[in-house]
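Work through the exercises below with the sequence and the model at hand. Each task is followed by its solution.

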Amino acid sequence: DLELDGRSEIGSAYGTGDVYRFFSDLKVIIAGSETQIRVIDPYFDGVAFDKYLSDASRSVSIEILTSRYTDGILHYAKLHREQYSSNIEIRKSKDIHDRLIFVDNKDCWIVGASIKDAGKKPTYLIPLSSEIALEKERIYADIYNNASIVQQS
């Protein structure tokens, strides 16, 4: 069973057309971060960066691990950094397939479809239990640390 830690009102399945509900739920997760957000998504793009990460606290470190669309991400990351002096790092790796959101090195959310397309097709956003989240975080921290740096602030 998943340990939802009071987050059951956020994790959900989303049908075709549930774009706003997904957007709203993910923004709540992002806004709740205190120190770090790490996004793992092979297809993450600049528009998704703008939609979902624009409300992250200025003090939160943002790390993005992707395998495509780096030019769009670079543009939005540059604008975010210029306005908010934010700490954003973008890395690229072909060793990823999953779509995950890590918050403060302890919470992990699984996203069914690529974040850029979430709600356009059926998908889900589900928190992992604490034990599994920590194990996933260790695995993806290793991949992130070995990935190529695309942009660093």
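**Exercise 1.** Decide whether Y14 is buried or exposed, and describe the aromatic pair that Y14 and F22 form.

*Solution.* This is a predicted model.
- Step 1: Buried means under 20% relative accessible area. Y14 has a relative accessible area of 2%, so Y14 is buried.
- Step 2: F22, at 0% relative accessibility, is buried as well.
- Step 3: The rings of Y14 and F22 lie 5.2 Å apart, centre to centre, with 80° between their planes. Planes over 60 degrees apart count as edge-to-face, and the pair is classed that way.

**Exercise 2.** Find which parts the pair of F22 and Y52 ties together.

*Solution.*
- Step 1: F22 and Y52 form an edge-to-face pair, 6.0 Å centre to centre and 90° between the planes.
- Step 2: Because F22 lies in helix α1 and Y52 in helix α2, the pair ties together parts that are 30 residues apart in sequence.
- Step 3: Ring pairs link F22 and Y52 into a cluster with Y14, Y20 and F23.

**Exercise 3.** Work out how helix α1 and helix α2 pack.

*Solution.*
- Step 1: Helix α1 (residues 19–31) and helix α2 (residues 46–53) meet at an angle of about 65°, and their axes are 9 Å apart.
- Step 2: Angles of 65 to 115 degrees count as roughly perpendicular, so α1 is roughly perpendicular to α2.
- Step 3: From α1, the contact uses F22, F23, L26, K27 and I30; from α2, K51, Y52 and L53.
- Step 4: Sorted by type, the contact residues are six nonpolar, two charged and no polar.

Definitions and conventions
Residues are numbered from 1 along each chain as its sequence is written. This is a predicted model: local features need pLDDT of at least 70, side-chain atom pairs count only at pLDDT 80 or more; totals for chains, interfaces and linings use all residues. Side-chain values use heavy atoms; hydrogens and water are left out. Axes are lines fitted to C-alpha atoms, for helices over the stretch in contact, and angles run from 0 to 180 degrees between N-to-C directions. Helices (H or I, at least four residues) and strands (E, at least two) are DSSP runs, numbered from the N terminus. Angles under 35 degrees count as roughly parallel, over 145 as roughly antiparallel, 65 to 115 as roughly perpendicular and the rest as oblique. Contact means heavy atoms within 4.5 Å. Ala, Val, Leu, Ile, Met, Phe, Trp, Tyr, Cys and Pro count as nonpolar, Asp, Glu, Lys and Arg as charged, and the others, Gly among them, as polar. Rings of Phe, Tyr and Trp (its six-membered ring) pair if their centres lie within 6.5 Å; planes under 30 degrees apart count as stacked, over 60 as edge-to-face and the rest as tilted. Buried means under 20% relative accessible area, exposed over 50%, partly exposed in between (1.4 Å probe, protein chains only).
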